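This briefing reviews a single structure, grouped by topic. The sequence and the coordinates should be read alongside the text.

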Amino acid sequence: MSIALDMYQTVAIAVLVLMLGAFLRKKIHFLEKFCIPAPVIGGLLFAILTCILHGTGLADVSFDDTLKEVCMVLFFTLSLIHISEPTR
């Protein structure tokens, strides 16, 4: 089975994965103690899920990458702005 997600569904899945990561980070003290970011937690779980789906042959998930470059530019721009801020 093949699951193809359009641009809106891809963004919705990304938001849900981010919210799942934030929820788990609040509930599991270990993750908060070692400063594991919510996107890493949710993204890792989603990557494991899609890997299992693909590896077992249950489903191949494909995402629309229309917004990929825009989000990457936004991420790195904001990261550089944060780095260049003077510390108080």
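Against which elements do the buried residues of helix 3 pack? They pack against helix 1 (7-27), helix 2 (29-33) and strand 2 (60-63), where contact means heavy atoms within 4.5 Å. Helices (H or I, at least four residues) and strands (E, at least two) are DSSP runs, numbered from the N terminus. The model is predicted, so local features need pLDDT of at least 70 and side-chain atom pairs count only at pLDDT 80 or more, while totals for chains, interfaces and linings use all residues. Residues are numbered from 1 along each chain as its sequence is written, and side-chain values use heavy atoms, with hydrogens and water left out.

**Helix 3**

- Helix 3 comprises 19 residues (38-56), which at 1.5 Å a residue should span 27 Å; the end C-alpha atoms are 27 Å apart, in agreement. The expected span is 1.5 Å times one less than the number of residues in the helix.
- Ala38, Ile41, Gly42 and Thr50 are the buried residues of helix 3; buried means under 20% relative accessible area, exposed over 50%, and partly exposed in between (1.4 Å probe, protein chains only).
- Viewed down the axis of helix 3, these buried residues fall within an arc of 155°, so they line one face of the helix. The arc is that of the directions from the helix axis to the C-beta atoms.
- Leu44, Cys51, His54 and Gly55 are exposed on the other side of helix 3.

**Helix 1**

- The 21 residues of helix 1 should span 30 Å at 1.5 Å a residue, and its end C-alpha atoms are 31 Å apart, which agrees.
- Thr10, Val17, Gly21 and Leu24 are buried in helix 1. They cover an arc of only 70° around the axis, which puts them on the same side of helix 1.
- An α-helix has 3.6 residues a turn, so residues three or four places apart point the same way.
- Tyr8, Leu16, Met19, Lys26 and Lys27 are exposed on the other side of helix 1.
- The cover over the buried residues of helix 1 includes strand 1 (2-5), helix 2, helix 3 and strand 2.
- Threonine 10, in helix 1, counts as buried at 17% relative accessibility. Leaving aside residues up to four places away in sequence, threonine 10 touches Leu5, Phe63 and Asp64.
- Alanine 14 is also found in helix 1 and counts as partly exposed at 44% relative accessibility. The C-alpha atoms of alanine 14 and proline 39 are separated by 9.1 Å, although these residues are 25 residues apart along the chain.

**Aromatic pairs**

- Three aromatic pairs are found in a search of the whole structure. Rings of Phe, Tyr and Trp (its six-membered ring) pair if their centres lie within 6.5 Å; planes under 30 degrees apart count as stacked, over 60 as edge-to-face and the rest as tilted.
- One of these is the tilted pair of phenylalanine 46 and phenylalanine 63, at 5.9 Å centre to centre with 55° between the planes.
- Phenylalanine 46 lies in helix 3 and phenylalanine 63 in strand 2, so the pair ties together parts that are 17 residues apart in sequence.
- Phenylalanine 46 is partly exposed at 24% relative accessibility, and phenylalanine 63 is partly exposed at 38%.
- The rings of phenylalanine 75 and phenylalanine 76 have centres 5.0 Å apart and planes at 75°, so the pair is edge-to-face. Phenylalanine 76 is partly exposed at 49% relative accessibility.

**Cysteines**

- Zero disulfides are found in a search of the whole structure; a disulfide is a pair of cysteine sulfur atoms within 2.5 Å.
- Cysteine 35 lies in the loop between helix 2 and helix 3 and counts as exposed at 56% relative accessibility. Its phi is near 55°, a positive value in a residue other than glycine.
- Most residues other than glycine have a negative phi.
- Cysteine 51 is exposed, with a relative accessible area of 53%.

**Salt bridge**

- The structure holds one salt bridge, defined as a side-chain nitrogen of Lys or Arg within 4 Å of a carboxyl oxygen of Asp or Glu.
- Aspartate 65 forms a salt bridge with lysine 68, with the closest N and O atoms 4.0 Å apart.
- Aspartate 65 is partly exposed, with a relative accessible area of 48%, and lysine 68 is partly exposed, at 44%.
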